[in-house]
Amino acid sequence: MAKVDWSAGIDSVSGALAKPSKSGQHSCSKMLLGTHRIAATTSSNCNRIYLRKKVKRSTPVSSDETLARTRFGAISKKVHERKKNLSYVATDTANFNAQKESGYKTLYQYLWHVCAEEYDQAQG
């Protein structure tokens, strides 16, 4: 998602400003991508804008890629459901806080790890 900080002029732009749609309707045919960084050397501000043509995949989706996509989707769904399930909130928060200094820095990372282990064990 694009981020624009407004002032008297535009100070910085970062992210996709326009994306080509998958169906090709009511959208641009190229992606407009803006980047912003603070350079430590010569200039304190560096803004760049790139145009990228829509890329068509040249190879079919492999079976490994399909499995990875399925795994990612299943784990993502488990994390989302677990965050909403009130029976897990207290124990997940306590377990996260116990490992926070030496392990995962965010609760989302921790839940992703827990759900990934559960998924992998269920898959065998």
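Which residue forms a salt bridge with Arg-82? In this predicted model, the partner is Glu-118, with the closest N and O atoms 2.8 Å apart. Glu-118 lies in helix H3 and Arg-82 in helix H1, so the pair ties together parts that are 36 residues apart in sequence. Here is a short tour of the salt bridges and the nonpolar core.

- Arg-71 is partly exposed at 33%, and Asp-120 is partly exposed at 38%.

**Salt bridges around Glu-65**
- Glu-65 and Arg-69 form a salt bridge of 2.9 Å, N to O.
- These two residues are 4 apart in helix H1, which means about one helical turn separates them.
- Glu-65 has a relative accessible area of 24% and Arg-69 one of 48%.
- Arg-57 joins Glu-65 and Arg-69 in a network of salt bridges.
- The count of salt bridges comes to 5.

**Nonpolar core**
- The largest nonpolar core has 9 residues, among them Ile-75, Phe-96, Leu-111 and Ala-116.
- Helix H1 (63-84) and helix H3 (107-123) are the elements that give two or more residues to this core.
- H3 supplies the largest share, with 6 residues.
- Leaving aside residues up to four places away in sequence, Ala-116 touches Arg-71 and Ile-75.

Methods:
Residues are numbered from 1 along each chain as its sequence is written. This is a predicted model: local features need pLDDT of at least 70, side-chain atom pairs count only at pLDDT 80 or more; totals for chains, interfaces and linings use all residues. Side-chain values use heavy atoms; hydrogens and water are left out. A nonpolar core is a set of buried Ala, Val, Leu, Ile, Met, Phe, Trp, Tyr and Cys residues joined through side-chain atoms within 4.5 Å. Buried means under 20% relative accessible area, exposed over 50%, partly exposed in between (1.4 Å probe, protein chains only). Contact means heavy atoms within 4.5 Å. A salt bridge is a side-chain nitrogen of Lys or Arg within 4 Å of a carboxyl oxygen of Asp or Glu.
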